[in-house]
Every structure is written in C-alpha cells, then in structure tokens.
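Colleague: I'm new to this one, so please pick a single part and take me through it slowly. I'd like the cut-offs as you go.

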Amino acid sequence: MNVPFLDLGAAYREIQAELEPAILASLRSGWYIGGQDVEAFEQEYAAFIETEYCVGVANGLDALRLALVAMRIGAGDEVIVPSNTFIATWLAVTQTGAIPVPVEPVEFTYNLDPGKVEAAITPRTKAILPVHLYGQPADLDPILALARKHGLRVLEDAAQAHGARYKGKRIGGHGDAVAWSFYPGKNLGALGDAGAITSNDPEIADRVRVLRNYGSRVKYVNEVKGCNSRLDPVQAAILRVKLRHLDEWNARRTAIAARYTAELAGTRLVLPEVPEWAEPVWHLYVVQHAERDGLQKALKETGIGTQIHYPIPPHLQMAYRDAGYAAGRFPIAESMANRLLSLPMGPQLEHAGVTSAIVALKTTAHG
C-alpha cells in the first residue's frame, strides 16, 4: 500500500465539522487584523503551555527573530546555536545582526550537547538557542545553569515540540522565551503560516507586542523600529480548534513511535534514543542508516514516503559561505545530514500504514 510521509488532508477531514464553522465565524466577525480569535488563542495557548504570556506573530522565523530583538540582541553579539537544525534557527540570529556560533549535537538524541556549550562562550556571547528538534526536548537544566553562570539569555526554538515535556513540565517557559511555528505540517499547525512567542517575562512579551505591530502600541505612535508580523485571525480560529485535539493527536504519534522502536530493533537502522526525563511529541521519527539514499529510494519504490531533515547543515549552506566554515568543521552534523531519514508519521497514519512501513523497512534495511 502507499503510505504518505504526512497526510494533511486527512487531518483536515477528521475535524472538518469543527474547523469550517470556526473559519466562517471568523470571516463573518468583521475583524481581519487582531480581534477576539487572536486574543483568545493567545490566552488558551499560554494556559496549555503553562506560561504567563503568549504573543502571536506571522510565522516561526519571525517568532525567533522578534524574541531575540526583544532580548536586545543585535549587531556583533554572538548566539550559540545547534550545528544540526533547520536553517531558520540561524537565519533569525543573522537577521538581528548577531553571529550564530554552532555547537554540535548529542549524536543519538540529535539535540544540542550541553557539555560542549561552555567552550563556545566568549565575551560577546549574549544568548543560547537550543532547539527541541524533531519534537524531543533538549536537555535544558545544564543549559540554563550555564546561562545563569555567564549572564546569558536562553531562547528555545520549539517549532517542532508542541506539547512536549521536560522533566514533567511542558516546553514553553523554561528559558527566557520560547519561539513557536504553526506551519501546517507541525503538531499544532495552521492552514498557512503562523507563529508565537511564549514567556514568563512581562518585558519580553510587551516588547514583542510592540515590535510585531510597526513598533507601535498606540496607532500612529511608533516607539521603536518594528515590523508587520501579526497572527492572522482566521489562522488563530483554526489553531483554537486544533489545540483542543493536540494532546490526543500527540498520543497517537507516541503510539506510532513506540511501534517503530519496538519492531525495528535489530535492523541496521540506528533508532532515536529518549532520555528518561524527556516526553517527546514525535513531530518526526528520525532514524540513521549508512546507505540512507539507497534506502530512501527502495522505500519509495514500495510506496513508502520519507523525508530528509535536513540534507545540508546550515554551516555548509551557500547562505552561510561568508562564515568560512569548511566541510569537516562540524562532523557530527555533517554525518547526520548524510544518514538521517524521517519515517512516515502523523496522527492520521493508520495501523496498516505503520505495518507496511515497518515491513518495508525490515526488508530494505536488511534486518
């Protein structure tokens, strides 16, 4: 059978009866910038994440960038980032004028290695930016301890970790601020671009509210050089509906991940490891294989959809050639880029589809 990597249409159809009235009500409200749905979603998501504040913005990249600006990070400052991440993490830093300083990940959790962070800190370092990659929490306590020791800010990139928990507490308020993407393919996804910042710091939340709206809190009175990055009310209405299903949908993802872990043991695949303090939400289930490209091709021929997250590490992208990083500078990230493969995953992925993927993997991965 054909097994898609992700079926967004199935997600829509499952809750169509709730989504369409919510969208229609938003359209009929007459509020097309801001309004009740945006304010309600901000309150509901803050409550879900267990933080004081949520500020909606236009997308996940803006969430990262505006959080950094709200922390007063800018030209010449350094921000520690993972070497293994989606390029948006780095782009947000450089868009403020700051410099991303890469640190390698823990090889089998894929997240920033806290043991390697301190060596990257210099007098110009202003923040650490861990990513909860693939929906698995990064190890925050040692990162937060280093931040306190050196007087640094911590901004978490949680674009893939909606609902995940670190040591029993939801991701969303451990550091100074947390940036979220609600891109359609995320665990909590809109039907277009959307993002948010959560924080327990009232100053950061207030500065983001001003920055996102042309630097203004009173119309035509501009306090700072802001931008236009506002959460669309139709997308907020959609997110309010989907938020009600998020825990259940994450539980389905967890059940799929458990099957992969149990039934793919003993193959040549290197499976992800989950520390005892982590409760991932399995945005992606990512394995490693020495002949990844051949494996992906063989799976495609049997109808199994996969993706590669991410085929080129940020330091080797053309966008960052001015940083002067040569191949081999970050060997763990480079090895991952050649070995990682994301398996079919999503709350609408049926039992038979998971079975087909597992059977195909056992055959093609030479278990």
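Modeller: Helices α4 and α5 make a right-handed crossing, meaning that the near helix is turned clockwise from the far one by less than a right angle. Helices (H or I, at least four residues) and strands (E, at least two) are DSSP runs, numbered from the N terminus. This is a predicted model, where local features need pLDDT of at least 70 and side-chain atom pairs 80 or more, while totals for chains, interfaces and linings use all residues. Residues are numbered from 1 along each chain as its sequence is written, and side-chain values use heavy atoms, leaving out hydrogens and water.

Back to the pair: α4 covers residues 60-70 and α5 residues 88-95, and their axes come within 8 Å, crossing at roughly 40°. (Axes are lines fitted to C-alpha atoms, for helices over the stretch in contact, with angles from 0 to 180 degrees between N-to-C directions.) The two are therefore oblique to each other, that is, not under 35, over 145 or 65 to 115 degrees.

From α4, Leu61, Leu64, Arg65 and Leu68 meet α5 residues including Leu91 and Val93; contact means heavy atoms within 4.5 Å. By class, that contact has 7 nonpolar, 2 polar and 1 charged residues (nonpolar: Ala, Val, Leu, Ile, Met, Phe, Trp, Tyr, Cys, Pro; charged: Asp, Glu, Lys, Arg; polar: the others, Gly among them).

Now for the sheet. Its 7 strands run β1-β9-β8-β5-β4-β2-β3, an open sheet with mixed pairing (a pair needs at least two DSSP bridges). Neighbouring strands are turned by 25° on average, direction ignored. Helix α5 packs on this sheet too, touching β2 (78-82), β3 and β5 (153-157), with its direction at about 175° to that of β2.
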